Amino acid sequence: MSARPQRTIAAPTRLQGIGVHSGQPATILFRPAAVGAGVSFLRSDRPDAPGPIPARVDAVADARLGTTLRSADGAEAATVEHVLAAVFGLGIDNLEIVLEGPEAPIMDGSSRPYADALLEAGLQDQAAPAEAIEILAPITVTHGERWASLRPTDGASGLHLDVAIVFDDQAIGAQRLELDLTPERFLSQIAPARTFGYLKDLEPMQRQGRGLGSSFDNSVVIDEGRVLNAEGLRFADEFVRHKALDVIGDLALLGAPVIGRCEAHRPGHALTVALMQAVLAQPATWRRRLL
């Protein structure tokens with residue numbers, strides 16, 4: 001069986017919206033990239049220091065309430081996890097992502113608008129084989145009651161996800177999602193799941209200059225055991241599906257598709273970024289191979 005070719009997109013595509021934290025207009029432009037270029041961000045509003053900002057774990061500058069990347073010249077790309085989940089979920093290897101502003105537009109709070117835009121631009125196979133990171137030995141990171149791990153899976157050719165969450169609020173409770181990740185499953189079962197938060201947390205967050213663009217249009221809002229959005233949930237377990245989306249976005253920071261089993265119990269960006277850092281720090285636990 002031949003290896004999958006590397007992929008980019010066939011033509012540029014652009015989306016406009018607002019930044020969920022800045023509350024300011026935000027534009028994202030996806031552009032094709034050459035074989036072996038990987039995924040990177042540029043800041044078009046910083047002509048003197050635009051980047052590039054590599055979509056790699058060693059470029060993570062902040063993992064609180066989202067993932068922020070920083071380049072050597074100080075350019076930052078914030079709230080990139082939903083974008084990278086779409087790129088990773090669709091199997092795109094090489095892509096240039098241009099931001100006009102400090103963060104990606106939040107769109108509807110899910111990855112689906114980005115995935116739809118990339119698919120509309122067209123996926124383009126390239127003249128080189130794609131490589132993956134195959135997990136050879138277990139790697140686990142624990143933060144209190146939270147933990148995440150990557151483990152080998154005998155004979156597997158892709159990523160198996162097992163994500164569980166536990167919240168005291170009865171609107172969420174305990175939820176678990178387990179699946180073998182494919183582009184088709186990503187599009188139908190993961191990409192539409194929106195970010196979520198508590199109404200009581202919004203005002204304190206905004207006093208700190210965060211969440212200024214948050215609204216019912218881009219978040220599932222919970223208050224005392226109720227979902228306040230008039231349209232309700234897209235899935236009965238939309239919350240754990242979105243957490244799986246975030247895990248996928250952080251896994252993308254390894255810079256290659258992953259062959260293995262990812263288990264995450266009550267994950268957050270700080271935990272999954274720490275897992276990616278642990279992977280790179282233990283090169284004996286994985287190898288590169290053709291996908």
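Begin by selecting helix α1 (residues 81–90) together with helix α3 (residues 183–190): in this predicted model, the two helices pack at an angle of about 140 degrees, and their axes lie 8 Å apart. To display the contact itself, show the side chains of Ala85, Ala86, Gly89 and Leu90 on α1, then those of Pro183, Phe186 and Leu187 on α3. The residues of this contact comprise 6 nonpolar and 1 polar, with no charged residue.

Next, turn to the largest pocket, whose volume is about 1,200 Å³. Centre the view on Leu65, Thr195, Phe196, Gly197 and Lys243, which are the closest to the pocket centre among the 40 residues of its lining. Colour the elements that each give two or more residues to this lining: α1, β14 (159–166), β16 (196–198), α4 (199–207), β17 (220–223), α5 (238–251) and α6 (269–281). Helix α4 provides the largest share, 5 residues. By residue class, the lining consists of 18 nonpolar, 14 polar and 8 charged residues.

Then move to the second largest pocket, which holds about 980 Å³ of space. Select Arg4, Asp93, Ala256, Pro257 and Leu291; of the 44 residues lining this pocket, these lie nearest its centre. At least two lining residues come from each of β1 (5–9), β4 (39–43), α1, β14 and β20 (286–290). The lining of the second largest pocket divides into 22 nonpolar, 14 polar and 8 charged residues.

Finally, keep α1 and β14 highlighted: each contributes to the lining of the largest pocket and to that of the second largest pocket.

Note on methods:
Residues are numbered from 1 along each chain as its sequence is written. This is a predicted model: local features need pLDDT of at least 70, side-chain atom pairs count only at pLDDT 80 or more; totals for chains, interfaces and linings use all residues. Side-chain values use heavy atoms; hydrogens and water are left out. Axes are lines fitted to C-alpha atoms, for helices over the stretch in contact, and angles run from 0 to 180 degrees between N-to-C directions. Helices (H or I, at least four residues) and strands (E, at least two) are DSSP runs, numbered from the N terminus. Contact means heavy atoms within 4.5 Å. Ala, Val, Leu, Ile, Met, Phe, Trp, Tyr, Cys and Pro count as nonpolar, Asp, Glu, Lys and Arg as charged, and the others, Gly among them, as polar. On a 1 Å grid over the protein atoms alone, a cavity is a set of points where a 1.4 Å probe fits but cannot get out, and a pocket is an open set with protein on both sides within 12 Å along at least five of seven lines; lining residues have an atom within 4 Å of a point. Grid points are joined across faces, edges and corners, and a volume is the space filled by probe spheres set on the points.
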